[in-house]
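Q: I would like a close look at one part of this model, with its surroundings described in turn. Please keep to what can be computed from the coordinates.

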Amino acid sequence: MTLLFETVLAQAAPTGGFFSNPMAIAFPLILVVMYFFMIRPQQKKTKDQQNFKDKIEKGMKVVTIGGLHGKIAEIKDKTFVIEVGNGLKMEFEKSSISMDLTKAVQSPDETPVKK
């Protein structure tokens, strides 16, 4: 009977080191894949949006995230004043300008009007 227990214990004894465990290799690999497919693209998009907001100039056609179309009439510290038509001006936070929709509205040969 003791021979049976000794055989079972000998088979159950861990052999090899940390890297012989498949999870020890798979877990860091999963983290690397998550970084390149999830975290890095989000950081790049955030940087692109900030660069876009920094490049907005007076007279540029923009679209807000709510779908409002207009031209930049005035640029303030944290807001834009947008002229939406017939002299009607509205003030919006800088974060409310949609980069994707604004780029779709602007034609490649259009340049902002400087006054």
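Which residues of helix 2 are buried?

A: The model is a predicted one. In helix 2, the buried residues are A24, F52 and K53. They pack against strand 3 (79-85) and helix 3 (99-105).

Helix 2 itself covers residues 22-55, which makes 34 residues. From its first C-alpha to its last it reaches 49 Å, close to the 50 Å expected at 1.5 Å a residue.

Strand 3, one of the elements packed against by the buried residues of helix 2, belongs to an open sheet of four strands in the order 1-2-3-4, with antiparallel pairing. Strand 1 (61-63) and strand 4 (88-93) each have a single partner strand and stand at the edges, so one side of each lacks a neighbour in the sheet. On average, neighbouring strands of this sheet are turned by 50° against each other, direction ignored.

Within the sheet, strand 3 pairs with strand 2 in the antiparallel sense over four bridges, and I82 in strand 3 stands opposite I72. Three residues lie between strand 2 and strand 3, which form a hairpin.

Strand 2 (residues 69-75) is also joined to strand 1, by three bridges and again antiparallel. Here V62 has G70 in strand 2 as its bridge partner. Strand 1 and strand 2 form a hairpin too, with five residues between them, and G67 in the turn has a positive phi of about 100°.

Methods: Residues are numbered from 1 along each chain as its sequence is written. This is a predicted model: local features need pLDDT of at least 70, side-chain atom pairs count only at pLDDT 80 or more; totals for chains, interfaces and linings use all residues. Side-chain values use heavy atoms; hydrogens and water are left out. Helices (H or I, at least four residues) and strands (E, at least two) are DSSP runs, numbered from the N terminus. The expected span of a helix is 1.5 Å times one less than its number of residues. Buried means under 20% relative accessible area, exposed over 50%, partly exposed in between (1.4 Å probe, protein chains only). Contact means heavy atoms within 4.5 Å. Two strands pair if DSSP finds at least two bridges between them. Axes are lines fitted to C-alpha atoms, for helices over the stretch in contact, and angles run from 0 to 180 degrees between N-to-C directions.
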